[in-house]
Amino acid sequence: MVFQEICLMQNVPDFFHIPPAGQQPFPPITDETEACTAVLVACLHANELYGMTENAAFHATIRNRNIFKDRDAADLIAGAESRYEQAGSPAALIDAAIGAIREQTRLPLFYQCLDVILADGLVTPREHKIIQYLKGKFKVNGADLEKGLEVLLAKNRL
């Protein structure tokens, strides 16, 4: 009950709100860099505390990872935020992006997503849902998930 009240107060959409087939608010994302940005933005929005703190891991990823080189970070983020508003939920945005993300990019992106999600040291219920959702969408096995969580939890203790 309290979680639902927080969501209503903050106008947080349901994580799994996915428009029915044929009623998607925008076409699927076809550019891999834009798709990766969209997934990372979905991870930011999965946090009930979104907007209350700066997520340095998110910004460092967008500025420093190879896939984002030679692209304007502000434009990528603005485009992903716009798509998020249209999609209405983290899951819907991930669904729109997944087709553009190559298999070899998925595990590294998954680990970047974990870094963004774990950056504040808390895993909220919505963040837990997105980790499980990404695990399924990206076809990450349990051993890779455990390995990533172990490393990132240790890293974020510093």
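**Helix α3 and its cap, N55**

User: Which residue caps the N-terminal end of α3?
Analyst: N55 does: a side-chain oxygen lies 3.2 Å from the backbone nitrogen of A57. This is a predicted model, where local features need pLDDT of at least 70 and side-chain atom pairs count only at pLDDT 80 or more. Residues are numbered from 1 along each chain, and side-chain values use heavy atoms, without hydrogens or water.

User: Where is N55 placed?
Analyst: In the loop between α2 and α3. Helices here are DSSP runs (H or I, at least four residues), numbered from the N terminus.

User: Is N55 buried or exposed?
Analyst: N55 counts as buried, because its relative accessibility is 16%. Buried means under 20% relative accessible area, exposed over 50% (1.4 Å probe, protein chains only).

User: What backbone oxygen does the N55 side chain reach?
Analyst: That of V116, at 3.0 Å. A polar atom of the N55 side chain also lies 2.9 Å from the backbone nitrogen of F58.

User: Which residues does N55 touch?
Analyst: L44, V116 and A119, leaving out residues up to four places away in sequence. Contact means heavy atoms within 4.5 Å.

User: Switching to the helix. Which residues of α3 are buried?
Analyst: A57, F58, T61 and I62, in a helix that covers residues 56–64. Seen down the axis, the buried residues fall within an arc of 130°, so they line one face of α3. The arc is taken over directions from the helix axis to the C-beta atoms.

User: What do they pack against?
Analyst: α2 (32–45), α4 (73–87) and α6 (103–118).

User: Which exposed residues are on the face turned away?
Analyst: A56 and R63.

Methods:
Helix = DSSP H or I, 4+ residues; strand = E, 2+ residues; numbered from the N terminus. Polar contact = N/O pair within 3.5 Å; in protein donor to acceptor, adjacent residues only side chain to side chain.
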